[in-house]
Amino acid sequence: MSIAIENSRGGLSFVRRKGVRVPYTEAQLEHMLMQFDSDGDGRLSKKDLTKALESLGSSFPAWRVWRALCHADEDGDGYISKDELNSLVKYIVKQGYDVSKWSDFLIHVRF
């Protein structure tokens, strides 16, 4: 897996990771999670969340999805909307996911 880092001039550098444990930032998680919005409606379904948590290395993604919905689905509709995304990110950050668990996903960091 490679990490793409974009510099201020728009160029990209690719860095190979080797067992590096770096916590996600909330911005990285928000971006990554919205990549799993399969139908492009701006909401994450249970299926979308399951795929996202599997990519983060969750051993029990179905259970984690249920817990994530309990924490973040404020209106109880079974989806995570953009308004609820911040609550979902805070839940995931508490779970301690890090870059070393991110399988086959390109991290794009701007600075």
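Predicted model: local features only at pLDDT ≥ 70, side-chain atom pairs only at ≥ 80, totals over all residues.
Let me begin with Ser55, which counts as buried because its relative accessibility is 9%, where buried means under 20% relative accessible area with a 1.4 Å probe and protein chains only. Residues are numbered from 1 along each chain as its sequence is written, and side-chain values use heavy atoms, with hydrogens and water left out.

Ser55 sits in helix H2, helices being DSSP runs of H or I with at least four residues, numbered from the N terminus. A polar atom of the Ser55 side chain lies 2.7 Å from the backbone oxygen of Ala52.

Which residues have the most contacts inside the largest nonpolar core? They are Leu33, Leu44, Leu49, Ile80, Leu85, Leu88 and Ile92, in a core of 19 residues, a nonpolar core being a set of buried Ala, Val, Leu, Ile, Met, Phe, Trp, Tyr and Cys residues joined through side-chain atoms within 4.5 Å. At least two residues of this core come from each of helix H1 (26-34), helix H2 (46-55), H3 and helix H4 (85-94), and H4 gives the most, with five residues.

Turning to H3, this helix spans residues 61-72 and holds Trp66.

Finally, over residues 64-95 the chain is 59% helix and 0% strand, and the C-alpha atoms at the ends are 10 Å apart.

Notes:
Buried < 20%, exposed > 50% of the residue type's maximum accessible area, 1.4 Å probe, protein only. Polar contact = N/O pair within 3.5 Å; in protein donor to acceptor, adjacent residues only side chain to side chain.
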